[in-house]
Amino acid sequence: MNSLGIDVGGANLKVAGNGVSEIIYFPMWKMAGNLKYKLEEIAKRYGAEKAGVVITAELADVFRNKEEGIRFVENACREVFRDVHFLDLYGNLVKEIKNPRLFSASNWVASISFLLSEGYRDFLFVDVGSTTTDLIPVKEKAPGARTDFERLRNGELIYFGVLRTPVFYVLRSFERAKLCPEFFAITADVFRITGDLSEEEYTCETPDGKGKSVEDCMRRIARTVCCDLEELGKESAEKIAMNTKKSMIRVLRREIRRKIEENGLKQVLACGIGEFLVEESHECVRLSKIYGEFSKLFPAFAMFKLVENI
């Protein structure tokens, strides 16, 4: 029976399996009604009847609360796959979700559980995605903080990523001008300009609904300081992009060092589509060097490996 690991997120569906590595932009807040049909399409494409699923979509504002979101995703998966397993916040694989809140935002648990099964110990796991960044300190087992609220308080969840984060959240000012708190530009625009992402890797929607070329991105960046590109100039747009990247690196460097010192950890394991940012922040092991493209959707890959032989 073919198996898949699936990370059902608020903005993306990530799918991993034998020879399968796919990130599908799927804004849950707009497309929740199509989830079952999209999963059916995925199952048919890969001939899969079995799946391991982690859920991070429950906070999408289409749902009244997290329990409703978990149940919605659970039901869709059950209707599509003959054999489906879900992972809770304590690393338990189950076929039936009894307490939905124990399955909320559990994708990082999949990654840690798999790495522990691979023999890794004493590490800081850093996963930089499209929207958020996980910094999980691990000794002999997974840490105590489980909910996203607890992880935010502990500095184990940073709410920025390399695609969907508004630029003004990361960079507060440029040449003494405060950036506008408007949805003018996102970090995907930044990393197109810095050359870290290709146009194909800019998978989410643009803030203005226009193109993803470097010049398009510069035009959006210019608006963050109340300019058009002709007024601001390409050189200054590039500076804003580079300053934004440097700001993210500073935060990562500070938080990575703090977690290593607090927990006496030996190494940093980095993954995610923003893995490159970790490497520029601190010495690390890039999981892409070991697991290839699966590094970009590591929780889905971890779920695939965890359920493959069950």
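Student: In which sense do strand 5 and strand 6 pair, and over how many bridges?

Tutor: Keep in mind that this is a predicted model. As a general idea, the strands of a sheet pair through backbone hydrogen bonds, in either a parallel or an antiparallel sense. Here strand 5 (residues 83-87) and strand 6 pair in the antiparallel sense over two bridges, and Leu87 has Leu93 of strand 6 as its bridge partner.

Student: What is the order of the strands in the sheet, and which strands stand at the edges?

Tutor: The open sheet is formed by six strands in the order 3-2-1-4-5-6, with mixed pairing. Strand 3 and strand 6 (93-94) stand at the edges with a single partner strand each, so one side of each is left without a neighbour in the sheet.

Student: Turning to helix 2, which of its residues are buried, and why are they on the same side?

Tutor: An α-helix has 3.6 residues a turn, so residues three or four places apart point the same way. In helix 2 (residues 35-46), the residues Leu35, Lys38, Leu39, Ile42 and Ala43 are buried. They cover an arc of only 135 degrees around the axis, which puts them on the same side of helix 2, whereas the face turned away from that buried side carries the exposed residues Tyr37 and Lys44.

Student: What covers the buried residues of helix 2?

Tutor: The cover includes strand 1 (2-8), strand 2 (12-17), strand 3 (20-25), helix 1 (28-31), strand 4 (48-55) and helix 3 (66-80).

Definitions and conventions. Residues numbered from 1 in each chain as written. Predicted model: local features only at pLDDT ≥ 70, side-chain atom pairs only at ≥ 80, totals over all residues. Heavy atoms only, no water. Helix = DSSP H or I, 4+ residues; strand = E, 2+ residues; numbered from the N terminus. Expected span 1.5 Å × (residues − 1). Buried < 20%, exposed > 50% of the residue type's maximum accessible area, 1.4 Å probe, protein only. Arc of directions from axis to C-beta. Contact = heavy atoms within 4.5 Å. Pairing = 2+ DSSP bridges.
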